[in-house]
Amino acid sequence: MVRYYGERIGILDVIRDTFRLLRKNFILLFCIALIGAVISLAGSTYAFLFGEEISGFTIFLLGAADVFITVWINAAIIFSSASLHDGNQFSLAEMKKVTRSKYWSAFIATMKLALIILVPILLIYYLAIVIPAVGVLVLLPAFCFLFYLSFRYLFVVHSVILEEHAIGAFKNSSRLVDGRFWKIVGGTLLFSAIFISISLIDTFYIADTLISQPAWVIYLHDVAISFYDVALLVIETAFTTLLYLRLRELEAGPGRSASNSSTDGSDSGYGGYHEPKI
């Protein structure tokens, strides 16, 4: 078993192990995440079959359902990725049991994180309407602050799912990022660069060319994007999970397994970062 000790995060090692894990287990993780595509596909299919958009109230209900489903999927992928990385085979029933037991803690943490990020956005939007000049002035500082928060609390849900106790998830995430913020930002952006490029190409080029295309072409594009989003969710969640385990290993320090030294003082079965046995 190979361990990466010292203060070097080893982003390239994490990226390598992420693709190694996905090469062996992508289909399994993709099938778990595919549940989340049901709602987006339902909306696209309805519009294609009946030639009209679904009502605003239905969109609201589907959006609310999508939030609950997304939290479950994130929790399931985080647990599954950590287990597979540690060489632990698990059954679907076991995965569902662990995810169900941690679901509401993960849901509450996700909602808190959403509020932390959404409140400044709504405040900026309000200022931009009421006092446009002030709104423009605070736009860049606010964007930088939101960027900082999104990485400072990147591992909140991971901490909830993979630790024995969900208490202190925000503190745990913040502590793991301390002193490594720009390394984590750089590594994450490096890993995500190609996927960000694909999304930008679709947004600014492909989507514009579809305006004059037949309905069935637009529908196939929507289906393809839904499957791409599922694959992207799997890839990025697997990466952040392995990065979380790596940071936990660093926190445990040389000579100690992170599985025996939790960020909140409790034992955890998913803390050790090592060469994946998959």
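In this predicted model, Asp13, Arg16, Asp17 and Arg20 are joined in a network of salt bridges. Within it, Arg16 pairs with Asp13, their closest N and O atoms lying 3.9 Å apart. These two residues stand three positions apart in helix H1 (residues 11-33), so about one helical turn separates them. Arg20 pairs with Asp17, again with a closest N to O distance of 3.9 Å, and this pair is likewise three residues apart in helix H1, or about one helical turn.

By the rule applied here, the count of salt bridges comes to five. Another of them brings together the side chains of Asp178 and Arg152, at 2.4 Å from N to O. This pair links distant parts of the chain: Asp178 sits in the loop between helix H7 (169-177) and helix H8 (181-209), while Arg152 belongs to helix H5, 26 residues away.

| Residue | Relative accessibility | Class |
|---|---|---|
| Asp13 | 15% | buried |
| Arg16 | 34% | partly exposed |
| Asp17 | 0% | buried |
| Arg20 | 22% | partly exposed |
| Arg152 | 9% | buried |
| Asp178 | 42% | partly exposed |

Helix H5 (residues 132-152) also contains Leu149, which is buried at 8% relative accessibility. The C-alpha atoms of Leu149 and Ile117 are 7.4 Å apart, although 32 residues separate the two in sequence.

Key
Residues numbered from 1 in each chain as written. Predicted model: local features only at pLDDT ≥ 70, side-chain atom pairs only at ≥ 80, totals over all residues. Heavy atoms only, no water. Helix = DSSP H or I, 4+ residues; strand = E, 2+ residues; numbered from the N terminus. Buried < 20%, exposed > 50% of the residue type's maximum accessible area, 1.4 Å probe, protein only. Salt bridge = Lys/Arg side-chain N within 4 Å of Asp/Glu carboxyl O.
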